[in-house]
Amino acid sequence: MSALLDDDRLFPLDPAARDLARHLYQSVRDLPIISPHGHTDPRWYAENAHFPDPAGLIVVPDHYIFRMLVSQGIGLDRLGVPRADGSVAEADGRKIWRLFAENYHVFRGTPTRLWLDHTFESLFGLEVRLNGATADLYYDRIADCLSRDEYRPRALFERFNIEAIATTEGALDPLQWHRQIRESGWTGRVVTTYRPDAVIDPEFEGFADNLRQLGALTDCDTGEWNGYLEAHRKRRAFFREAGATATDHGHPTADTANLSDSEAAALYTRVASGAASPDDAGLFRAQMLTEMAKMSVEDGMVMQIHAGSWRNHSAAIFASHGRDKGFDIPRRTSYVDALKPMLDAVGLEPNLTIILFTLDETAYSRELATLAGVYPCLRLGPPWWFFDSVEGMKRFRAATTETAGFYNTVGFNDDTRAFPSIPARHDVARRVDCGYLAELVRSGQLIEEEAADLAQELAYRLARKAYRL
Amino acid sequence: MSALLDDDRLFPLDPAARDLARHLYQSVRDLPIISPHGHTDPRWYAENAHFPDPAGLIVVPDHYIFRMLVSQGIGLDRLGVPRADGSVAEADGRKIWRLFAENYHVFRGTPTRLWLDHTFESLFGLEVRLNGATADLYYDRIADCLSRDEYRPRALFERFNIEAIATTEGALDPLQWHRQIRESGWTGRVVTTYRPDAVIDPEFEGFADNLRQLGALTDCDTGEWNGYLEAHRKRRAFFREAGATATDHGHPTADTANLSDSEAAALYTRVASGAASPDDAGLFRAQMLTEMAKMSVEDGMVMQIHAGSWRNHSAAIFASHGRDKGFDIPRRTSYVDALKPMLDAVGLEPNLTIILFTLDETAYSRELATLAGVYPCLRLGPPWWFFDSVEGMKRFRAATTETAGFYNTVGFNDDTRAFPSIPARHDVARRVDCGYLAELVRSGQLIEEEAADLAQELAYRLARKAYRL
Amino acid sequence: MSALLDDDRLFPLDPAARDLARHLYQSVRDLPIISPHGHTDPRWYAENAHFPDPAGLIVVPDHYIFRMLVSQGIGLDRLGVPRADGSVAEADGRKIWRLFAENYHVFRGTPTRLWLDHTFESLFGLEVRLNGATADLYYDRIADCLSRDEYRPRALFERFNIEAIATTEGALDPLQWHRQIRESGWTGRVVTTYRPDAVIDPEFEGFADNLRQLGALTDCDTGEWNGYLEAHRKRRAFFREAGATATDHGHPTADTANLSDSEAAALYTRVASGAASPDDAGLFRAQMLTEMAKMSVEDGMVMQIHAGSWRNHSAAIFASHGRDKGFDIPRRTSYVDALKPMLDAVGLEPNLTIILFTLDETAYSRELATLAGVYPCLRLGPPWWFFDSVEGMKRFRAATTETAGFYNTVGFNDDTRAFPSIPARHDVARRVDCGYLAELVRSGQLIEEEAADLAQELAYRLARKAYRL
């Protein structure tokens with residue numbers, strides 16, 4: 001037991017299983033981190049500037065933190081979260097930090113608490129617990145650390161033992177930070193990911209303008225269907241040059257479609273004007289998942305589908321503070337019918353990998369494991385967002401392994417913009433997976449040698465292989 | 001180990017976690033009971049008469065008991081459950097009790113068994129197990145107890161250490177028993193709850209008549225929308241005078257609506273006649289949830305929504321025996337889309353508390369914890385009805401804590417009309433919660449001091465605070 | 001610990017619970033097997049011929065095995081799975097076996113692995129683990145065994161201690177193998193089951209022809225509704241003569257209907273031509289579930305409903321390889337509304353048993369346990385297909401027992417065509433159930449004597465009673 005962290009945290013309670021879990025964990029604890037999907041800012045690695053103050057680094061940008069505080073009656077303004085118009089109601093980092101510290105108890109039992117305590121102790125050397133009384137001590141210690149060179153982005157990247165990290169950029173992004181990283185001679189591997197939602201979703205803000213920009217960037221005629229598809233091909237190639245091995249698609253549903261070429265062209269004409277009906281918008285998104293999958297067959301990019309979030313659920317918060325303010329809520333999501341058009345088109349392609357994510361845990365055993373347990377192109381992404389948690393991971397393994405096994409899964413994603421928490425997040429996943437394997441051994445379902453092999457797979461090899469990194 | 005009860009029942013199996021759970025439990029075992037939602041009869045406390053015979057107290061009114069016996073082929077008539085016409089096929093309490101006792105084994109593994117054994121041992125001092133051979137011994141012992149003064153309602157209320165209990169009355173109820181309790185000088189705190197389903201649901205039996213009665217009671221013109229709303233305001237005030245701090249709404253779905261005033265008025269005109277279409281009936285219920293929430297903003301009453309039961313599923317049983325005969329079946333229930341109109345209207349109000357209950361456990365992690373984990377007005381009610389059980393409580397905590405934490409939950413509801421079982425029900429909840437907390441400590445997710453604090457919150461403080469008692 | 005199997009496999013990890021589980025298991029381990037629902041071939045028992053080579057017995061016909069290998073990119077052709085046209089791309093059993101053995105690690109954590117290791121060790125005496133290096137050793141050993149008389153079907157049947165096994169035959173089946181078994185003087189009890197999907201589902205291949213055949217077999221006029229119903233009655237009687245005590249219905253949904261006689265007759269006329277609309281097809285299947293239930297009231301046959309599989313999800317695989325090739329995917333399935341017409345018609349009949357199965361685990365606690373916990377005709381079938389697994393069984397018990405108890409369940413079904421694995425499958429169920437009971441005892445929810453009684457019920461008595469065997 002160190003100051004804030006129990007050395008045996010997240011392992012099974014049974015002593016024999018715990019011993020084995022600890023043993024397995026020791027064999028993977030120091031493996032390099034593969035972070036094949038996430039949202040850190042490539043500019044950090046490019047410019048390698050100091051991070052901002054503690055509140056600006058840890059509280060203000062973290063939707064897990066501010067959503068919980070909002071739920072307890074603490075408004076976004078008091079937490080310094082910027083408004084849609086760019087103004088900031090509270091700019092005093094120390095004041096924000098104190099408010100957070102005084103309410104740190106509301107995170108009891110959440111993964112945020114696990115990630116933060118890990119970060120506080122192992123990154124900032126803090127040895128007392130965070131609360132109102134220790135708020136200033138924390139603030140000063142963290143601020144001091146951040147002012148030092150060994151806490152700049154590249155130093156942390158190396159300290160974290162990151163072998164490869166993927167960022168996520170929109171289709172129109174110039175990728176200048178990735179270029180700057182490459183040209184800097186720094187050897188840290190930071191790759192981008194092609195995330196074309198803004199030029200695929202007719203309901204995205206500024207969709208028609210986005211198409212025009214896409215055309216300008218690629219010299220393609222995005223006024224018509226074939227030119228639009230060609231523009232995607234060119235941007236995908238451009239992203240691959242910046243290291244991308246994958247695409248990512250954040251859709252409200254997992255619907256796919258496989259229209260005839262003439263139907264698709266006519267649909268494109270209807271939506272490209274920027275005034276699509278909701279039905280047309282949904283059908284176009286569905287069609288484009290299939291198109292993206294077909295392009296992946298051509299160019300080998302791994303396709304990720306993150307489906308099922310109702311974004312910006314509160315109209316008032318969207319108006320006052322804009323997107324990504326913690327008001328994104330999961331919905332019931334279907335896969336069996338939704339994916340059929342795409343699977344009928346490309347589901348048996350030998351060189352295709354499609355990684356499925358869900359926010360509807362009921363789909364794990366009923367739909368996702370059963371689909372991934374037979375279609376060769378499908379793999380199951382790790383538990384996502386609210387389910388990137390101890391119990392979430394346990395439910396995922398318990399619900400999927402018996403039907404899809406381990407080899408249709410792809411290791412862990414930290415999926416975060418909270419850079420300092422990356423080691424903590426991988427550590428949680430490694431601990432939970434080792435605990436799960438230990439329980440399988442202790443209940444006679446695996447032998448220890450297999451568990452040791454699988455621990456390596458889950459912590460490192462499956463991610464590298466599935467994402468072709 | 002006492003006669004019927006294991007002292008360590010419901011604690012984790014792991015010895016270290018069990019020790020800690022026991023320790024936590026000892027610190028909350030004797031806390032007063034807050035029972036903020038339930039269905040005991042206020043007349044009991046008002047008149048303080050002796051309870052009826054054992055079968056009449058324990059078997060005949062308990063839908064958990066008779067539904068299970070019906071499932072095994074024992075008809076309601078043989079159990080003395082009254083028919084819709086008021087007749088009773090079997091009036092011999094001892095015969096009913098024997099039938100129950102002979103089949104007591106079918107309750108193995110159910111919460112009913114836990115509650116009853118607890119009641120038998122701790123309230124009636126029984127030390128042998130119930131079965132056909134001991135049926136008469138039980139019957140005689142319980143009957144003897146019930147004849148004594150220390151088993152009358154107020155004596156039990158005090159013996160149970162109830163600090164406050166809420167009953168539930170319809171909007172038209174004269175609340176005379178609550179007045180009688182107040183005027184009696186007895187200090188037991190029994191408050192009512194405003195449950196206006198019969199004047200809100202156009203499909204309720206006698207809806208049009210109910211509206212007329214509502215108008216007569218309040219001197220409001222319930223022939224039109226504004227008069228109808230005003231009548232609600234007056235009844236809410238009348239209920240608050242009888243101690244009510246909360247309202248309760250039992251709806252088939254969680255749908256809400258936020259119509260314009262003129263649309264709502266027109267809708268009211270259509271439904272008030274008592275001949276609403278199913279669509280209008282649903283829309284009116286939906287609109288009224290939002291109206292009730294708006295009134296809660298005005299008057300500070302806590303709002304409870306119990307959604308998702310298909311009442312009276314068997315047409316034949318409804319015809320022969322009427323409502324509430326165990327044939328109420330949960331249905332899949334949506335919240336994310338259903339609650340949006342209400343949340344857009346009042347979701348960010350600082351003084352509003354809406355407590356959500358569900359019979360669809362799939363909503364816990366996907367919809368309810370994610371909504372309550374950000375909207376400041378929302379709180380999660382404890383597991384309800386079929387899920388007020390050991391595994392049901394464990395699933396609730398495992399599915400909600402990581403996203404909504406503990407502080408968006410509201411402690412325990414016994415929600416019962418089975419008065420003698422109230423201590424047993426709170427005891428089960430306290431044990432399961434202490435076990436859950438102990439496991440979090442033993443797996444390094446909380447420290448012991450935090451667990452001790454949370455044990456108090458879950459057993460006592462959160463309920464008192466959330467219900468403003 | 002024997003060579004491949006841990007003696008304590010699948011028992012709880014906690015040592016005290018494990019000891020008790022082992023003790024309970026020892027009391028049921030050697031009980032006879034009741035296999036009331038499955039798909040073994042009656043011809044095996046009739047002809048008692050040697051089984052084919054190891055690959056032909058174990059790999060080629062087992063959809064659990066080949067679907068997992070397909071998911072890892074190994075095509076059906078390489079596994080010797082016959083194509084729709086009857087051709088077989090790979091006929092070399094040893095080559096197929098080697099491919100399987102090299103990839104055996106992908107089954108880690110699946111029930112297939114448990115069943116196979118059990119079979120390899122206890123049936124074929126293998127003491128090293130299967131992998132590429134031991135593939136030939138396995139092949140030779142198993143081939144050698146299969147050539148011996150003590151590995152012929154009847155010898156295995158007796159060695160497996162099977163008291164009764166049910167096969168499943170279509171309504172048009174002549175049941176000659178069952179006759180041959182009866183006439184052979186062999187005393188093994190092999191009964192059939194009436195599975196009339198091909199003459200009930202208007203979307204079944206050859207439906208119109210099937211109706212004509214049904215008419216010819218029964219001398220009934222299947223050109224009209226009453227003749228069609230009469231034909232069912234005759235076939236049901238014919239099946240009962242071959243020992244059938246049950247019917248089985250594999251429907252895409254659990255929908256039921258209860259049309260008037262004239263509506264049903266008109267509907268039949270529309271569908272009998274073989275050109276039903278999808279709506280008519282669905283409605284006819286729904287109506288026929290109610291008709292089958294009514295006939296069960298008449299003739300006492302137990303009715304099984306297996307609902308919720310999207311059969312043949314991949315159009316390409318269906319075209320190349322036909323039905324039952326591992327591409328059957330579960331879908332969300334509703335029961336509360338779906339079953340109401342049938343339950344209103346026959347739900348309170350005293351002599352009726354309807355056993356419900358699901359592939360949608362969310363229905364366990366919400367719909368199935370709540371329905372079976374009150375309707376006297378309903379019973380819950382054991383976890384089916386993908387959920388016939390360790391975690392699947394645990395989730396089933398945890399989700400259903402508290403509401404439906406044990407006595408509304410019906411023991412275990414192996415539901416398999418993989419004859420050699422039958423003891424392994426029952427062994428898994430017995431171990432998991434004993435572990436569950438042990439945990440209930442250790443957590444004070446049952447006493448040991450009750451657990452011992454329930455272990456017998458779950459392993460043997462409930463199945464025999466529910467299926468009237």
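Here are a few notes on how the chains relate and on some elements of chain B.

1. Keep in mind that this is a predicted model, where local features need pLDDT of at least 70, side-chain atom pairs count only at pLDDT 80 or more, and totals for chains, interfaces and linings use all residues. Residues are numbered from 1 along each chain as its sequence is written, chains are lettered from A in the order in which they are written, and side-chain values use heavy atoms, leaving out hydrogens and water.

2. Now chain B, which has an open sheet of three strands in the order S1-S2-S4, with parallel pairing (strands pair if DSSP finds at least two bridges between them; strands are DSSP E runs of at least two residues, and helices H or I runs of at least four, numbered from the N terminus). The edge strands are S1 (33-35) and S4 (190-191) of chain B, each pairing on one side only.

3. S1(B) and S2(B) (residues 162-166) pair over three bridges, and Ile33(B) stands opposite Ile162(B).

4. Have a look at helix H20(B) (residues 448-466) too: a kink of about 55° is centred on Glu457(B) (the angle between axes fitted to the seven residues ending there and the seven starting there). After H20(B) comes Arg468(B), with a positive phi near 55°.
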